[in-house]
Amino acid sequence: MLRIGLSGGIGAGKSTVSATFCELGGIVVDGDVIAREVVEPGTEGLAKLVEAFGEQILQPDGALNRPALAAIAFSDDEKRATLNGIVHPLVGKRRAELIAGADEDAVIVEDIPLLVESQMAPMFPLVVIVHADEELRVRRLIEHRNFTEEDARARIAAQATEQQRRAVADVWLDNSGSAEDLVGKAQALWHNRIQPFARNLEAGRPAEARPEVVPSDPDWAAQAERILARLRTTCGHRAKRVDHVGSTAVPGLDAKNVIDVQVTVDSLDVADELVEAMLAAGYVGTAITEDVGKRDARSSVAEFDHRDDSALWQKRLFCSADPGRPTNVHVRVDGWPGQQFALLFVDWLTANPAVRQEEPWSADAYRRAWEWADATGWSQA
């Protein structure tokens, strides 16, 4: 099962993307629909809203008067927090029920208007954000949803900013054009990335990748931050730390377009406990591996004289099933040589720009890095 988080500001066009994914076979779990369902007459949700905001939020027939509630709840941050505190847990419970009833090979599209605000983005293997500029969104809300300009701007101001949405977006769908243009973008995304991602997960195989060395990309750091947040959520207390490592973690270094991440754990037994959680997050486990090549090089640091013990070079490797973002997740034991060197490598190259021009990385680089660590008193932060 592949779960996708879909969001976007009010008036951005998220519903068009959601409908397109549904037509292509996705099972859409719509946060707006659920949010209406959990406050229907006779529900616990509606009773709590009346208790919090008064009977003036009800229509004569006892149903929720949404404009009246919005006028109250969006008037200040405290009232909006009260509203969210009532509705969000009920929506989450109902969403979980719907997902539990889906087939194992399903693509679940969770349409969540406040995905960013509720800090849910790291829960999903892929986050898709639909965006349009504020002025365009205001115009759409006035023309198609009968908002006043004041109400439209108030709703937009109460939601996440563009910068906050960009920070969590694995895919950014611009909807500054026509609805047909947006449908085409959504279809291409489904066929070229989402569907292959889902098939890879079902087959238990990583995405195919033949990465070549490319110029340094300043966006690698932001991409890595999203992956780190996802893995911290996935691993929870079992991870002692999660770090961006490898060549893409070194600013300005040309590298293969693969994000390498290291998850540090207390033991390989703990690493093996992560298999199912990693798969749910979009990462497929490979065979037990070793950090071949470095293990025969001895450090000049006395306390690491045991590095030639091959057992201490074992790790667990998980690779992303997402064809749109090649990622390797190295799960290593705290204090073992491979775990230490992954952190040292980034700091050494960052501190020594001249070394970055040297290729290939070899056992000699491993030795020199530890000599630098010795001389500078380096330790993992």
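Predicted model: local features only at pLDDT ≥ 70, side-chain atom pairs only at ≥ 80, totals over all residues.
Strand β5 covers residues 171-174, and its pairing with β4 is parallel, with four bridges. Strand β4 also pairs with strand β1 (residues 2-8), again in the parallel sense, through five bridges.

The side chains of β4 point in two directions. Leu-126, Val-128 and Val-130 face one way, while Val-127, Ile-129 and His-131 face the other, and all of these residues are buried. Because six of the six residues of β4 (residues 126-131) are buried, the strand is largely enclosed by the rest of the structure.

A further strand, β3, spans residues 107-111 and contains Ile-108. Ile-108 has a relative accessibility of 0% and is therefore classed as buried, the cut-off being under 20%. Leaving aside residues up to four places away in sequence, the contacts of Ile-108 are Met-1, Leu-2, Arg-3, Ile-4, Ile-27, Val-29, Ile-99 and Ala-102. Ile-108 and Arg-3 are 105 residues apart along the chain, yet their C-alpha atoms are separated by 4.7 Å.

Side chains of opposite charge can pair when their charged atoms come close. In the whole structure, 19 salt bridges are found. One of them joins the side chains of Arg-3 and Glu-110, with an N to O distance of 2.6 Å. Since Arg-3 belongs to strand β1 and Glu-110 to strand β3, this pair ties together parts that lie 107 residues apart in sequence. The two residues are classed as follows: Arg-3 is partly exposed at 23% relative accessibility, whereas Glu-110 is buried at 0%.

Glu-110 also forms a salt bridge with Arg-95, in which the closest N and O atoms are 3.1 Å apart. This pair connects distant parts of the chain, with Glu-110 in strand β3 and Arg-95 in helix α5, 15 residues apart. Arg-95 is buried, with a relative accessible area of 7%.

Another salt bridge is formed by Arg-94 and Glu-37, whose closest N and O atoms are 3.0 Å apart. Here the link is between helix α5 (residues 77-100), which holds Arg-94, and helix α2 (residues 31-37), which holds Glu-37; the two residues are 57 residues apart. Arg-94 is partly exposed, with a relative accessible area of 27%, and Glu-37 is partly exposed at 31%. Finally, a network of salt bridges links Glu-134, Glu-135, Glu-149 and Arg-153.

Key. Residues numbered from 1 in each chain as written. Heavy atoms only, no water. Buried < 20%, exposed > 50% of the residue type's maximum accessible area, 1.4 Å probe, protein only. Pairing = 2+ DSSP bridges. Contact = heavy atoms within 4.5 Å. Salt bridge = Lys/Arg side-chain N within 4 Å of Asp/Glu carboxyl O.
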